[in-house]
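Reader: I'm new to this one. Can you walk me through it?
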Amino acid sequence: MKKHNGNKAADTKGWFGHWSNVYDRTLGSISFHRGLLDLVVRNARVKNGDKILDLGCGTGLLSLKCLQKARCAVMGADYSKEMLGILKDKIKKLKLSDRISLCLMDAASLKFKDRTFDKVVSSVALHHLTDKLPALKRIRRVLKPGGLFIIGEVDMDATGKHTDTKRLKRMLRVLEQEWIPALKDAGVEAFSTMFDNGKKHILNQGEYGLSLKQWARLCRKAGFVRVLVKRVPRHKVFGIVVAKKP
Ligand SMILES: C[S@@+](CC[C@H](N)C(=O)[O-])C[C@H]1O[C@@H](n2cnc3c(N)ncnc32)[C@H](O)[C@@H]1O
């Protein structure tokens, strides 16, 4: 029997590589995901001239929404070259190469200079970081003073051991809010992908999701101020944390 040992980052990276080809028609086609991205962009108050970092940009759905909103510049960072490959093709097709750059990078070790970005945005990516507090401190470091960090996540406390049935029940209550819209909005393939995705998150204890309240608490600990939680209308298990660098 396969041993679940708290999945190493390499396993997750490979999993995202496999997912990349169907990402836009699975998670990327479900209503709550679009609602989440819209909420992130609205609260980032994207404006002309902004320099924005999209952490865990994947196929670029959030980056492209930022670029549509205003004449800003985006840096898309992700550790999956397959995901970035899909975004690269989109950038070429949309002739956006003067406004977006891509960086193959682990979000755990930000290689940017201090005070580089006006905004750092991220959606459904950072729960994969094992050491979240140091990562949030690095995000604060690369923001300019007064800069905003907006993280979009599922409100799911997945801390604890995968053998804990209370944790399992807690997660299943949230996961059904992903699975049902997946089937309804995007069909059987999306449901199947999201079902596998849920199982991976249940069995994974090294990379774990947090509730939005837990994310907000960590942001304050990392030195952010004016930390707020907001929820996606009609899909309340998804939401954002908005945080400001003093
Ligand atoms: C579910 S996808 C979300 C993509 C995009 N943000 C969106 O909302 O459509 C998660 C993305 O985060 C990336 N990711 C996960 N952990 C990461 C890490 N430690 N460093 C960089 N990228 C990471 C994955 O490769 C994947 O592209």
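Reader: What sits over the ring of tyrosine 208?
Author: The charged end of lysine 132, 3.5 Å from the ring centre. "Over" means that NZ of Lys or CZ of Arg is within 6 Å of the ring centre and within 35 degrees of the ring normal. This is a predicted model: local features need pLDDT of at least 70, side-chain atom pairs count only at pLDDT 80 or more, and totals for chains, interfaces and linings use all residues. Residues are numbered from 1 along each chain as its sequence is written, and side-chain values use heavy atoms, with hydrogens and water left out.
Reader: And which ring does lysine 200 sit over?
Author: That of tryptophan 15, 5.0 Å from its centre. Trp15 also joins Phe16, Trp19 and Tyr23 in a cluster linked by ring pairs. Rings of Phe, Tyr and Trp (its six-membered ring) pair if their centres lie within 6.5 Å.
Reader: How many aromatic pairs in the whole structure?
Author: Nine. One of them joins tryptophan 179 and phenylalanine 195, 4.8 Å centre to centre. Their planes are 45° apart, so the pair is tilted. Stacked is under 30 degrees, edge-to-face over 60, tilted the rest.
Reader: Is tryptophan 179 buried or exposed?
Author: Buried, at 13% relative accessible area. Phenylalanine 195 is partly exposed, at 39%. Buried means under 20%, exposed over 50%, partly exposed in between (1.4 Å probe, protein chains only).
Reader: New topic. What is leucine 27 in contact with?
Author: Trp19, Phe32, His33, Val124 and Met194, leaving aside neighbours within four places in sequence. Contact means heavy atoms within 4.5 Å.
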